[in-house]
Amino acid sequence: MDVQRTKRSRAKLEKPLTATAAVDGSKQPFADQEKPIVKLSNIVVEYGRHRAVNNVSLDIQRGNVVAIVGPSGAGKSTLLRSINLLERPVSGSIEVCGRRFDAGAPIAERTLMDLRRSTGMVFQSFNLFPHMTARRNISLPQQRVLGLSRADADARTDQLLARVKLSAKAGSFPSQLSGGQQQRVAIARALAIGPEVMLFDEPTSALDPELGLEVLAVMRELAAEGMTMIVVTHEITFAADVAHRILVMADGAVIEDGPPSSVLKNPTSPRSREFFRAILDRQ
Amino acid sequence: MTETLQTLLTGVPWTIAVTSLAFAIGAVLGIPLVLMRRSKSFLLRLLSRTVIDVLRGIPPIVWLFILFFGIGTSAVELNPFEASVIGLGLVSAAYLAEIYRSGFLAVHFGQAEAATALGMSKPDALALILAPQVMRVAIPPATTYLISLLKDSAVASTIGVSDISFRAFQHAQSSGGGLTPFMLAAVLYILLSIPVVWLSRSVDARLRKRVSR
């Protein structure tokens with residue numbers, strides 16, 4: 001099992017980073033038989049006495065794009081952040097790429113770092129390192145986390161920058177880039193580690209609409225290439241277009257789960273009907 | 001006047017030595033202090049806080065007397081210079097630890113989170129991501145501290161380090177008083193502080209250009 005995993009991640013590393021899959025927007029049907037790449041079982045996350053995520057279980061198949069929507073304070077980000085254990089659940093278990101973590105059990109630092117390597121995270125506030133150029137932001141983690149040489153890391157970085165259409169900005173510091181450009185660098189940086197799952201935490205919420213579009217375009221390409229993506233978002237149109245599956249969360253629980261067509265058109269719970277009505281009213 | 005100046009100038013190397021060595025000790029020892037202060041362990045935090053509060057709570061002159069006449073004559077033998085450097089170095093460690101701490105607070109928590117999410121080790125995240133940003137924030141207050149340390153190093157003269165102040169006192173007494181030695185001492189201290197200010201501004205400007213957010 002371990003050997004297989006190593007092989008797969010190495011194959012992933014050597015794969016050319018340019019977009020190969022056709023970007024025709026067609027969604028592949030997902031195979032339910034395969035073992036889920038992310039499996040959450042009865043996850044509970046608490047902040048002090050507040051229960052942010054309340055007993056959520058979730059299976060996500062490889063290659064799926066899952067959008068998580070819902071009002072603020074619903075626990076969307078917290079749920080996402082418990083997948084790479086930025087938040088530690090107080091009970092339940094998570095399984096990512098075959099590694100299982102039980103709440104409360106001690107976890108070796110090494111194992112945690114491996115978990116983070118198999119997941120890439122993109123934050124609402126970009127979190128680029130302000131003291132490094134765009135290129136260095138992407139190449140440094142490859143050197144330190146993957147153990148690549150500076151030359152190899154730089155070569156892969158240039159491919160990644162081309163992929164997010166920012167080759168011209170390689171030498172710019174984050175402060176010299178627009179929000180949309182910063183977020184695209186952040187996506188490239190997350191991809192540089194060769195993750196099998198990408199976690200997006202409201203990637204466009206800090207951007208004005210036009211800049212949001214260029215970020216969404218990169219995410220669409222990524223989805224078309226078959227990347228497994230879990231996206232916390234308020235962009236309902238993006239979710240409807242790109243996601244295989246939409247989850248609606250409220251008060252720490254998943255209250256709706258299904259393909260966009262059914263979730264958006266026929267939401268079952270009154271709470272989610274209310275939420276979608278509010279979104280439509282704003283548009 | 002020239003004779004006075006000549007006497008005072010012999011004190012300059014001592015003032016520079018006490019100040020720079022004490023600052024260097026403080027800059028280095030401040031690091032473990034601030035890391036303990038930010039540790040998850042309650043015990044380490046308490047220890048660090050106690051050390052910092054004690055070192056900052058004792059007037060340097062009292063602290064030097066304790067070191068020199070107390071510890072310095074019993075446990076280990078310390079000459080006035082060593083006692084001054086160690087004493088002021090420890091006090092500096094406490095102040096610089098607090099300056100580093102405010103630097104850590106100024107760095108957005110998302111920076112550590114991003115490093116963690118990328119799978120970077122904790123030492124890597126600290127050394128490559130956080131420390132450079134902390135330093136950027138810490139340099140102006142650390143320079144302010146260095147200038148005040150330059151002046152406060154005069155306390156070393158009370159236990160017999162022949163720095164600028166020591167020479168000024170000595171000369172005033174032997175030459176029958178007068179303000180001249182002290183005026184000259186004041187000028188020397190100001191002249192010494194100017195390059196520090198100048199250096200810090202240029203370092204700050206260079207960092208600001210690169211790290212501005």
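## Exercises: a helix and a pocket

**Exercise 1.** Compare the span of helix 5 of chain A with the expected one, then pick out its buried residues.

*Solution.* Helix 5 of chain A covers residues 150-163, so 14 residues, and runs 20 Å from first to last C-alpha, close to the 20 Å expected at 1.5 Å a residue. That expected span is 1.5 Å times one less than the number of residues. Helices here are DSSP runs of H or I with at least four residues, numbered from the N terminus.

Next, burial: buried means under 20% relative accessible area (1.4 Å probe, protein chains only). In helix 5 of chain A, that gives A:Ala153, A:Asp154, A:Arg156, A:Thr157, A:Leu160, A:Leu161 and A:Arg163. Just past this helix, A:Lys165 has a positive phi of about 60 degrees.

Keep in mind that this is a predicted model, where local features need pLDDT of at least 70. Residues are numbered from 1 along each chain, and chains are lettered from A.

**Exercise 2.** Work out which helix gives the most to the lining of the largest pocket.

*Solution.* Start with the volume of the largest pocket: about 910 Å³. Its lining has 23 residues, and B:Arg38, B:Lys40, B:Ala112, B:Thr116 and B:Lys122 are the closest to the centre. Now list the elements giving two or more residues: helix 3 (109-118) of chain A, plus helix 6 (109-117) and helix 7 (122-152) of chain B.

**Exercise 3.** Find the scores of the model.

*Solution.* Simply read them off: ipTM is 0.85 and pTM is 0.85.

Methods:
Predicted model: local features only at pLDDT ≥ 70, side-chain atom pairs only at ≥ 80, totals over all residues. Heavy atoms only, no water. Buried < 20%, exposed > 50% of the residue type's maximum accessible area, 1.4 Å probe, protein only. 1 Å grid on protein atoms, 1.4 Å probe; cavity = no way out; pocket = protein on both sides within 12 Å on 5 of 7 lines; lining within 4 Å. Points joined across faces, edges and corners; volume = space filled by probe spheres on them.
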